[in-house]
Amino acid sequence: MIVEDISNPFFAAIARLIEDKAYKHGYKIIYSSTENNLEKAKGLIRMFKSRQVDGYIIAPMVGMEEDIRELLSDRTPVVVFDRHLPGLEVSSVLVDNVKGTYMATDSLIHKGMKNIAFVTVDVDVEQIKDRYKGYEQALKANHIKLNKKLCKLISFNNTADETTAELTAFFTENPEIDAVLFATNYLAVRGLFSFREMNKKLNGTFKMIAYDDHDIFKLHSPSISAVDQPIEEIAENVINFVLKELALVDSFEKKELNNIVLASKLIER
């Protein structure tokens, strides 16, 4: 199982569920993180090939296309999840990220928010781009002009403290912001650190929503709304697709692609 960061609560939760389900079928999972580094990702695939693993579950990044095609050409079971790479004929489990951020942005607008910021990360992956699209589409549908000044891009390679400092500067420089949508839960957590430093309160005049739920959002006072991805469904479909492909490895039967796009939901708190 190759993901961006196994310590990320989203990937960790899915990995734990997949591990349980795989173990019941006699398989064990080996985890690894790419850290959004293409050379590391390619090296991991080479290492796993040398260890003759049975199959791959990958949250891919741009540049891995050829490596994945080589695995597929060897009839090695591969399932991608969380994001897809255009042009790859591979089984996939995805979530409708556009709809998720559309619902979140629309909810903030209907609560009277006018200057909604969008904080995202500088990784070149489809699901992050789709989250921005959903935000953009919701503004357009509600006849609110997109203000690029309210869109903040944070470096993936930042330390936690650097991200907090950047967010503090961003909100200080743009006092008109009355709501913010964070594209990932770890950015939202750093946002909370920033708000504490600024003594900025979440209330009727300033609201936030995080993409991907987290225990911190439930415990925080006031509790924080989140776009929740169906982690159980993602894990269930991933392992089922992998097992289907494993069953066909030694046969000459043509492998069928299994592709599903799941819906996220907005948890309003």
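Is N36 buried, exposed or partly exposed? N36 is partly exposed, because its relative accessibility is 24% (buried is under 20% relative accessible area, exposed is over 50%, and partly exposed is in between, with a 1.4 Å probe and protein chains only). The model is predicted, so local features need pLDDT of at least 70 and side-chain atom pairs count only at pLDDT 80 or more, while totals for chains, interfaces and linings use all residues. Residues are numbered from 1 along each chain as its sequence is written, and side-chain values use heavy atoms, with hydrogens and water left out.

**Backbone features**

- N36 is not a glycine, yet its phi is positive, near 60 degrees.
- N36 sits in the loop between β2 (32-33) and α2 (38-50); helices (H or I, at least four residues) and strands (E, at least two) are DSSP runs, numbered from the N terminus.
- D212, also not a glycine, has a positive phi of about 85 degrees.
- The loop between β9 (207-211) and α8 holds D212, which counts as buried because its relative accessibility is 8%.
- The peptide bond between S221 and P222 is cis, with omega about 0 degrees.
- P222 belongs to the loop between α8 (215-219) and β10 (225-228).

**Nonpolar cores**

- The largest nonpolar core has 41 residues, of which M1, I18, F81, V93, I234 and V238 touch the most other members; such a core is a set of buried Ala, Val, Leu, Ile, Met, Phe, Trp, Tyr and Cys residues joined through side-chain atoms within 4.5 Å.
- Helix α9 (residues 231-247) supplies the largest share of this core, 8 residues.
- I18 is in contact (heavy atoms within 4.5 Å) with M1, I29, I57, A235, V238 and I239, leaving aside neighbours within four places in sequence.
- Another core, of 27 residues, lies apart from the largest one and includes A117, V121, F170 and A210.

**Packing of α1 with α9**

- The axes of α1 (residues 9-24) and α9 come within 9 Å and cross at roughly 45 degrees; axes are lines fitted to C-alpha atoms, for helices over the stretch in contact, and angles run from 0 to 180 degrees between N-to-C directions.
- That angle makes α1 oblique to α9 (under 35 degrees counts as roughly parallel, over 145 as roughly antiparallel, 65 to 115 as roughly perpendicular and the rest as oblique).
- The crossing of α1 past α9 is right-handed; a crossing is right-handed if the near helix is turned clockwise from the far one by less than a right angle, and left-handed if anticlockwise.
- From α1, F10, A13, I14, L17, I18, K21 and A22 meet I231, E232, I234, A235, E236, V238 and I239 of α9.
- This contact comprises 11 nonpolar, no polar and 3 charged residues (Ala, Val, Leu, Ile, Met, Phe, Trp, Tyr, Cys and Pro count as nonpolar, Asp, Glu, Lys and Arg as charged, and the others, Gly among them, as polar).

**Packing of α2 with α3**

- α2 and α3 (residues 65-73) pack at about 20 degrees with axes 10 Å apart, and are therefore roughly parallel.
- α2 passes α3 in a left-handed crossing.
- K42, I45 and K49 of α2 meet D67, E70 and L71 of α3, a contact of 2 nonpolar, no polar and 4 charged residues.

**K111**

- K111 lies in the loop between α4 (97-110) and β6 (116-121) and counts as partly exposed, at 41% relative accessibility.
- Leaving aside neighbours within four places in sequence, K111 is in contact with K207 and E268.
- The C-alpha atoms of K111 and N36 are 36 Å apart, and the two residues are 75 residues apart along the chain.
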